[in-house]
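Trainee: Please take me through this model one feature at a time, with the general idea first and then the case at hand.

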Amino acid sequence: MIIDTHLHLIYRDRLSYPWLASVPPLDADFHYEVYHREARRLGIAGTLHMEVDVDPAEIEAETSLVGQLAAAEGSLLRGAIASCRPEEEGFAGYLERQLANSFVKGFRRVLHVVPDDLSERQLFRENLKRLSRTGLTFDLCVLPHQIPKAVALVDLSPDVSFILDHCGVPDIKSGGFEAWKGPLAEIARRPNVTVKLSGLPAYGATDWTLEDLKPYFADVVDSFGFDRMVWGSDWPVCTLGGGLSAWVGATHALLSGVSLADKEKVLSANAKRIWTL
């Protein structure tokens, strides 16, 4: 059984995605039905939708759309990690509205597409602290050189559960192991951070092999262990590196020497615990 904690859905007829124009391979519709067919064949039994950086005016509309898709019979959707803007005054009111919606399991503000000092602003940090004792998580999506800024956020909000997306976004294609390894180990020292085993195929060369991924996976395990690791497909971004089936296959190969108990933690149990699925 697999719980996919990182599914993106793109409905260009319903929502606006300003960034898609800069990524032609993803500037298309990626609907739930397409994902569902392949996911069921691969043993994926549930999924969380990850926000897709829609136009800020449509953030709540995105959550509503995903909620409608989840209501359909047989849907794998179990919740949403919603977009947010902690740098804005309206965050407190937005948070209150989301707390009334049990479908929302957490939030994300992608930090590698905004100025580095955004997360250092007092309002951003004060708003992030509002997640304390709510049970809602915050996904950190940063590049390796930005991990120290993520560490600062984590240290300021020790009661918030943080999820480090895509293993900290290592530059596998260009051999960025050393630039990534140290920052990853540092953030892993914080017990309120869980790493997400996701994104690796998209960061390698188009002809990546399992051997390319093994050193990165091994270091993630050394840093976080299996009690603080969840799995995500990053669909449809994973199609840039072979697709959903290729990533699931690689994941099983990476976990081939792991105990059944630890494998279950990574593929489903930790996600169930963190988001009460």
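Mentor: Let us begin with a pair of charged residues, Lys196 and Asp165, both of which are buried, a word that stands for under 20% relative accessible area, with exposed meaning over 50% and partly exposed in between (1.4 Å probe, protein chains only). Keep in mind that this is a predicted model, in which local features need pLDDT of at least 70 and side-chain atom pairs count only at pLDDT 80 or more, while totals for chains, interfaces and linings use all residues. Residues are numbered from 1 along each chain as its sequence is written, and side-chain values use heavy atoms, with hydrogens and water left out.

Trainee: What do Lys196 and Asp165 form, and how far apart are their closest N and O atoms?

Mentor: Side chains of opposite charge can pair when their charged atoms come close. Lys196 and Asp165 form a salt bridge with closest N and O atoms 3.6 Å apart, the rule being a side-chain nitrogen of Lys or Arg within 4 Å of a carboxyl oxygen of Asp or Glu. Lys196 belongs to strand β7 (residues 193-197) and Asp165 to the loop between β6 (162-164) and α6 (177-188), so the bridge ties together parts that are 31 residues apart in sequence. Strands (E, at least two residues) and helices (H or I, at least four) are DSSP runs, numbered from the N terminus.

Trainee: How many salt bridges does this rule give?

Mentor: The count comes to 19 salt bridges. One of them joins Arg121 to Asp117, with the closest N and O atoms 3.8 Å apart; here Arg121 is partly exposed, at a relative accessible area of 41%, and Asp117 is partly exposed as well, at 39%.

Trainee: Where do Lys265 and Asp262 lie, and how many residues apart are they?

Mentor: An α-helix has 3.6 residues a turn, so residues three or four places apart point the same way. Lys265 and Asp262 both lie in helix α10, 3 residues apart, or about one turn of the helix, and their side chains meet in a salt bridge of 3.3 Å, N to O. Lys265 is partly exposed, with a relative accessible area of 24%, whereas Asp262 is among the buried residues of α10. Elsewhere, salt bridges that share partners join Glu51, Arg108, Asp139, Asp165 and Lys196 into one network.

Trainee: What span should α10 have, and where does α10 bend?

Mentor: The expected span of a helix is 1.5 Å times one less than its number of residues. For the 16 residues of α10 (residues 260-275) this gives 22 Å, which agrees with the 22 Å between its end C-alpha atoms. Just after α10, Thr276 takes a positive phi of about 45 degrees.

Trainee: Which residues touch the most other members of the largest nonpolar core?

Mentor: In soluble globular proteins, nonpolar side chains tend to be buried together. A nonpolar core is a set of buried Ala, Val, Leu, Ile, Met, Phe, Trp, Tyr and Cys residues joined through side-chain atoms within 4.5 Å, and in the largest one, of 83 residues, Phe107, Phe138 and Trp231 touch the most other members. Helix α8 (residues 210-224) supplies the largest share of this core, 6 residues. Leaving aside residues up to four places away in sequence, Phe138 is in contact (heavy atoms within 4.5 Å) with residues including Phe107, Arg108, Phe124 and Phe162. A second, separate core of 9 residues includes Val230, Ala271, Ile274 and Trp275, and of these Ala271, Ile274 and Trp275 are buried residues of α10.

Trainee: How does strand β2 run relative to β1, and how many bridges join them?

Mentor: Two strands pair if DSSP finds at least two bridges between them; β1 (residues 2-7) and β2 run parallel and are joined by 4 bridges, with Ile44 of β2 as the bridge partner of Ile2. Strand β2 (residues 44-50) is mostly covered, 6 of its 7 residues being buried.

Trainee: Which backbone angles should I check in the loops?

Mentor: Trp235 and Pro236 are joined by a cis peptide bond, with omega about 5 degrees, and Pro236 is placed in the loop between β8 (229-231) and α9 (244-254). Asp53, in the loop between β2 and α2 (59-70), has a positive phi near 55 degrees although it is not a glycine, and is partly exposed, at 22%. His166, in the loop between β6 and α6, also has a positive phi near 55 degrees, but counts as buried, at 3% relative accessibility.
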